[in-house]
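The exercises below are meant to be worked with the sequence and the model side by side. Try each task before reading the solution that follows it.

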Amino acid sequence: VGFVGAGGVNFGSPEGPWDHASRLEKLDSIAFVGIADPFVDFAQKQLTKRRNNSNKAIAAKWTDCIVVDSFKKLIGLEGEKLVDIVFIGLPPSAHGSTSEAANIEILCAKQGVHMFIEKPLSVSPPEEVAEVSKIISESGVIVAVGYMLRYSAAVEKALQLLNGKKPVCVNAKYNAAYSRIHKKEWWSVRTSGGPVVEQATHFADLIRYVAGEVDLSTVQAMSVPASAPIATKLSEMPPSPGGEHNVPLHERIPRCTSATFKFKSGAIGTLTHALLLHDQRYFTELDIWADGIRVMIQDPYYDPKLFVRREHCNDEEEIPVPNIASGDDMYLKEVVAFIDAIRKNDPSGIRSPYSDSAKTYLLTHVIRTKAEQFESKL
């Protein structure tokens, strides 16, 4: 296994519980061979932390791991091929493209390297992502994308409660806590794709997983741009050089985006994303309505709660579901599904293959574009 990117999604971050390396450390027959990052000193610090683990058995797994400045040195384009698998944790502007500057997926596919790719897939036009998807499919490599909510026990139980009933309406809400998001790149639409593409993508994906495909011709969206007087200055903006202090006003991400749409099934849906909360905890909620039943998932990231009003009933009940601390580690489950798929040469257990995730990217791109077009007319 090799890692492309030594940042938080691969090695841990105060922003959230994601950390692929720590999940992989729990698996047998995994050899860590390389970390590729142009910031070599930073990557070396990440490696040193892993080697200093108080658990000697885990620390030993990193003994032969090296740090290189380019992923090409891992996949055999510059020197010997070292990896079977790479975990790609890069800014969205650095991958998911057909351009030479961001075509890592294409190069890995042609080298026969399996990939676990973190969302979002790209900031490039959806046509480029479709071409990347085609090349991956033709190569035969196995690819999973990090839509971990598909592996959540709360989501699995929600689908069980629906018991095959088709949703008639799905409402998704996502309000991010922004005061600890320091990365300047995240605050720029140019480098992150904007908060719907970069962050609300998890709920756009979950909407599709629960209710099926959206009729993209029906999407309508609007936003509160960073230039709006009501939201120009966020009171808890991280200090410079982080945050948006050095991002041009026209590139700053919108504070809130709201979209409505119709599914191909005939159902309707909404997705509202904001970045208005302080500290660390997000507010997230998915509300599913079907004939005779309402199912609501709250806070699937940290401490999921599941509520249902059943058929022929006036009362709402809470259904107990585990969280990461109590044994339902959806991040571990998605990694295990990926590794098992490679070992068995059978990708059917992967719930978020690249071809499917490309549809989520297209939906978020359309929402972003529709909101920008709406604001440009005002």
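Accessible areas here come from the Shrake-Rupley method with a 1.4 Å probe, and for residues only the protein chains shown count as cover. This is a predicted model, in which local features need pLDDT of at least 70 and side-chain atom pairs count only at pLDDT 80 or more, while totals for chains, interfaces and linings use all residues. Residues are numbered from 1 along each chain as its sequence is written, and side-chain values use heavy atoms, with hydrogens and water left out.

**Exercise 1. Describe the overall build of the protein chain.**

Step 1. Begin with the surface: the accessible surface of the protein chain comes to about 16800 Å², and carbon and sulfur atoms account for 52% of it. Of the 378 residues, 53% count as buried, where buried means under 20% relative accessible area, exposed means over 50%, and partly exposed lies in between (1.4 Å probe, protein chains only).

Step 2. Turn to the secondary structure, taking helices (H or I, at least four residues) and strands (E, at least two) as DSSP runs numbered from the N terminus. The protein chain has 13 helices and 14 strands. Its radius of gyration is 21 Å, close to the 21 Å that the globule rule gives for 378 residues, so the chain is as compact as a globular protein of that length; the radius is taken over C-alpha atoms, and the rule is 2.2 Å times the number of residues to the power 0.38.

Step 3. The C-alpha trace spans about 60 × 45 × 40 Å along its principal axes. Where contact means heavy atoms within 4.5 Å, 73% of the contacts between residues at least 6 apart in sequence join residues at least 24 apart.

**Exercise 2. Which cysteine sulfur is nearest to that of Cys169?**

Step 1. The structure holds 0 disulfides, a disulfide being a pair of cysteine sulfur atoms within 2.5 Å. The sulfur nearest to that of Cys169 belongs to Cys256 and is 18 Å away.

Step 2. Compare the accessibilities: Cys169 is buried at 11%, whereas Cys313 is partly exposed at 30%.

**Exercise 3. Find the backbone exceptions, and state where each one sits.**

Step 1. Most residues other than glycine have a negative phi, and most peptide bonds are trans.

Step 2. The peptide bond from Lys119 to Pro120 is cis, with omega near -10°, and Pro120 sits in the loop between strand S5 (114-117) and helix H7 (126-139). Ser240 and Pro241 are also joined by a cis peptide bond, with omega about 10°; Pro241 belongs to the loop between strand S8 (214-224) and strand S9 (256-263).

Step 3. Asn163 has a positive phi near 55° in the loop between helix H8 (153-162) and strand S7 (169-177), and is exposed with a relative accessible area of 68%. Asp299, with a positive phi of about 50°, is in the loop between strand S12 (293-298) and strand S13 (305-309), but counts as buried at 9% relative accessibility.

**Exercise 4. Compare the span of helix H13 with its expected value.**

Step 1. The expected span of a helix is 1.5 Å times one less than its number of residues. Helix H13 (residues 354-376) has 23 residues and reaches 32 Å from its first C-alpha to its last, close to the 33 Å expected.

Step 2. The buried residues of H13 include Tyr354, Ala358, Tyr361, Leu363, Val366 and Ile367.
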